[in-house]
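Biologist: I want to learn how to read aromatic ring contacts. Please take me through them.

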Amino acid sequence: INGYLVDAENIYIESRKVPLWDAPEIGIGNKPVDGGNFLFTEAKKEDFLKREPAAAKYFHSWLGAEEFLHNTKRFCLCLGDCPPDALASLPECLKILKRVRVFRQESGSIPTQKLAKYPARFHVENMPKSNYLVIPKTSSENRRYIPIGFESPETLCGDALFLVPGATLYHFGILISSVHNAWVRAIAGRLEIRCRYSKDIVYNNFPWPQADDKEKAKIEELSREILAVREKYQESGLADLYDPLTMPPDLLKAHEKLDKAVLRLYGLPASAGEREIVGLLLKLYKEKIEMARG
């Protein structure tokens with residue numbers, strides 16, 4: 001039994017900045033460092049727009065982990081690309097920028113103080129131009145599957161979420177499968193006892209399967225089925241859809257169909273348990289590392 005509590009060689013996963021396999025790169029969401037000045041509830045946004053209706057086009061839906069998992073609404077005022085002449089005509093927005101600048105100037109962090117020179121910009125900006133995949137950094141240990149999903153470029157995400165621009169339905173299917181979730185449970189860190197997803201350890205080292213076009217198309221088809229079932233429960237948040245006590249039976253069945261197809265890609269039987277899955281993944285990781293080192 002190795003350090004990951006599976007019957008495999010004593011392998012340790014290294015931190016890695018880019019994916020070891022051919023996979024889209026992952027990054028964190030936006031980090032405003034604004035003292036909360038750019039973020040609005042729906043009621044506060046509506047009140048703000050009564051005073052400054054011309055600012056409407058600079059508001060975006062905002063997702064933190066809470067909003068993503070629990071289907072709640074928040075909005076972000078994003079002024080980074082607002083032309084200077086337009087910004088000068090928005091006195092309420094200018095008041096917000098002044099508050100952001102003061103907040104940053106008074107910070108004990110030198111990088112944050114330097115950021116005060118650019119009050120309309122975020123500390124970290126990650127705004128994909130097309131649809132992207134969202135993965136929460138922290139997920140309940142009780143969930144069989146970490147809830148992930150697609151978002152459109154009109155929505156901005158916070159840094160409690162990871163974003164995967166360029167991800168396809170095939171990538172979605174592999175990442176939400178039982179295989180990837182077994183990898184996460186074995187490899188990821190913990191926040192209290194919740195799973196703490198990571199970019200450099202979990203995602204960038206995950207061994208992707210070999211799949212031809214026909215096999216990828218099958219994974220995409222099964223991924224569509226999962227998303228179609230979710231659409232039936234639009235009023236329910238992902239936290240409830242993926243709670244083992246409240247997960248709808250048709251959603252679970254759709255996941256189990258996908259799991260079987262993904263296990264086949266790895267040459268594993270449908271009955272494979274997590275130790276068997278992780279043991280194979282660690283073997284694939286070791287082979288890939290040795291190949292890369294020559």
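**Reading ring pairs**

Modeller: First, F38 counts as buried because its relative accessibility is 0%. Buried means under 20% relative accessible area, exposed over 50%, partly exposed in between (1.4 Å probe, protein chains only). This is a predicted model: local features need pLDDT of at least 70, side-chain atom pairs count only at pLDDT 80 or more, and totals for chains, interfaces and linings use all residues. Residues are numbered from 1 along each chain as its sequence is written, and side-chain values use heavy atoms, with hydrogens and water left out.

Biologist: How is a ring pair described?

Modeller: A pair of aromatic rings is described by the distance of the centres and the angle of the planes. Rings of Phe, Tyr and Trp (its six-membered ring) pair if their centres lie within 6.5 Å; planes under 30 degrees apart count as stacked, over 60 as edge-to-face and the rest as tilted.

Biologist: How many aromatic pairs does a search of the whole structure find?

Modeller: The search finds 9. One of them joins F38 and F122: it is tilted, at 5.7 Å centre to centre and 45° between the planes. F122 has 4% relative accessibility, so it counts as buried.

Biologist: Why is the pair of F206 and W208 edge-to-face?

Modeller: Because the planes of F206 and W208 stand at 75°, with the ring centres 5.6 Å apart. Both residues are buried. Ring pairs also link F206 and W208 with Y170 and W183 into a cluster.

Biologist: Which ring does the charged end of K216 sit over?

Modeller: That of Y170, 5.4 Å from its centre. A charge sits over a ring if NZ of Lys or CZ of Arg is within 6 Å of the ring centre and within 35 degrees of the ring normal.
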